[in-house]
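Here is my notebook on a structure that was new to me. I wrote down what I looked up, in the order in which I got curious.

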Amino acid sequence: MDKMDKKLLFIIPTLAKGGAERVLAVLSNHLNGYKKDIVVFENKIDYEVDGNIINLDIPASESILIKIKNFFKRWKKLRELKKNNYIASISFLENANILNIIAKPSKKVIISIRAHIAETFEKDPFLFTGPKRRLLVMGYGLLLKLLYPRADLIVAVSQGVKESLIKLGVPEEKIKVIYNPYPIEEIRESAKEPVEEVFEKAEYVITTGRLTKQKGQWYLLRVFRELKKSYPELKLLILGDGELKSYLVKLSQNLGLKTYVWDRDKLSENFDVYFLGFKKNPFKYVSRARLFVFPSLWEGFGNVLVEAMACGVPVISSDCKSGPREILAPKTDFRYQTKKPEFAEYGVLMPVFEDRFLDAFEPLTEKERLWVEVIKKMLEDENLRKEYSEKALKRAYDFHVDKIIKEWEEILR
């Protein structure tokens with residue numbers, strides 16, 4: 001069969017504002033020579049993709065009964081696609097992965113696992129509490145133990161995620177680690193686009209990611225207030241949207257920080273913290289930052305770290321499970337987590353913050369004070385920033401899309 005006659009099916013709930021969604025877009029745009037269909041459950045499209053989008057038009061619901069009904073509707077529609085003779089169906093995120101395995105719409109079912117399942121379900125504050133929560137976590141874990149081994153191949157986004165899958169009971173021979181792909185030249189070209197005049201000459205640190213518990217942005221707000229005592233002109237930019245928006249904005253204001261919110265305020269230079277929402281091109285903001293700061297409590301890989309490094313920006317990251325250590329200190333044991341600041345080969349790794357929300361009036365924790373001191377050191381040491389900027393860019397090329405795509409092509413043979 002000629003390569004151009006080969007068909008691929010991608011499956012994902014939406015193409016809206018997320019790391020998995022962006023990776024799917026990159027894969028679709030760089031896996032050349034295949035005919036591609038991309039199934040979404042609802043019409044939320046924020047990324048350009050190369051392929052025919054098939055919108056099942058079965059949106060998410062909060063109702064348990066409707067969730068069950070929607071599951072079977074999606075399953076039926078995916079089964080109908082089997083007639084297209086796809087050589088492989090590649091799914092992203094748990095709901096799509098489960099449907100891919102059960103519906104089996106292609107000759108080869110490939111699922112992409114992007115996070116520590118246990119971390120996500122045990123720490124997510126928006127799930128049930130008490131006995132209901134424990135039952136949900138146990139039931140979901142059992143479901144994945146039964147289903148995931150039925151996939152033909154599981155692509156884990158990091159060694160840490162692979163290890164978590166093995167602990168779940170997935171056979172190691174079914175797991176392949178493929179890091180996320182990055183179109184480095186495209187990122188660097190996008191980084192050249194102009195920003196609003198307010199940010200052109202401003203000195204700021206930046207973080208990007210959904211406003212959700214996993215990302216730990218409230219710690220960065222508390223750290224930033226302490227930094228303002230030494231750097232009164234310094235700004236903090238937070239890119240992203242999510243369910244913690246109201247909490248984070250209120251915390252920022254209670255900390256005495258002048259807080260800009262993208263859908264509320266008129267942009268000016270008179271703010272300390274800027275909540276800018278989701279940006280299709282975050283790179284133009286990241287590239288002008290003094291530092292990229294990443295306070296995540298857990299990750300699967302940490303897309304935005306490599307994107308910041310591709311912009312030539314030095315990074316400070318929590319040493320959370322998993323990804324940051326594999327990116328910034330690849331010669332070390334990926335299982336290790338530092339208890340003190342570690343000036344690693346390609347960036348700075350920091351102790352992970354505690355898994356709890358804080359308010360504006362609680363004193364800084366010991367870990368927060370460590371973060372303050374390290375950020376100060378990086379802000380004050382121009383030579384160190386320059387060194388890490390150069391090393392970061394060099395390391396980013398290890399995840400270049402051309403290199404990663406070859407690994408995907410290998411598993412599609």
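Entry 1: I began with helix α1, where 10 of the 12 residues are buried, so α1 is largely enclosed by the rest of the structure. Buried here means under 20% relative accessible area, exposed means over 50%, and partly exposed lies in between (1.4 Å probe, protein chains only). I noted that this is a predicted model, in which local features need pLDDT of at least 70 and side-chain atom pairs count only at pLDDT 80 or more, while totals for chains, interfaces and linings use all residues. Residues are numbered from 1 along each chain as its sequence is written, and side-chain values use heavy atoms, with hydrogens and water left out.

Which residues of α1 are buried? I found A20, E21, R22, V23, L24, A25, V26, L27, S28 and H30. The helix covers residues 19–30 and reaches 17 Å from its first C-alpha to its last, close to the 16 Å expected at 1.5 Å a residue. That expected span is 1.5 Å times one less than the number of residues. Helices (H or I, at least four residues) and strands (E, at least two) are DSSP runs, numbered from the N terminus.

**Entry 2: the sheet.** Next I traced an open sheet of 7 strands, in the order β3-β2-β1-β4-β5-β6-β7, with parallel pairing. Two strands pair if DSSP finds at least two bridges between them. At the edges I found β3 (52–55) and β7, each pairing on one side only. On average, neighbouring strands are turned by 25° against each other, direction ignored.

My helix from Entry 1 belongs in this picture: α1 lies across β1 (7–12), β2 (35–40) and β4 (88–92), running at about 170° to β1. Helix α3 (residues 94–103) also packs on the sheet, touching β1, β4 and β5, and its direction makes about 165° with that of β5. Contact means heavy atoms within 4.5 Å. Axes are lines fitted to C-alpha atoms, for helices over the stretch in contact, and angles run from 0 to 180 degrees between N-to-C directions.

**Entry 3: strand β6.** I then looked at both faces of β6 (residues 153–156): L153 and V155 on one side and I154 and A156 on the other are all buried. Strand β5 (residues 109–113) runs parallel to β6, joined by 4 bridges. Along this pair, I111 stands opposite I154, and I113 has A156 as its bridge partner. With β7 (residues 175–177), β6 pairs in the parallel sense over 3 bridges, and V155 stands opposite K176.

**Entry 4: salt bridges.** I counted a salt bridge as a side-chain nitrogen of Lys or Arg within 4 Å of a carboxyl oxygen of Asp or Glu, and the count comes to 26. One of them joins E299 and K215 (2.6 Å, N to O). E299 lies in the loop between β12 and α12 (303–310) and K215 in the loop between β8 and α9 (217–230), so the pair ties together parts that are 84 residues apart in sequence. E299 is buried at 5% relative accessibility, and K215 is buried at 15%.
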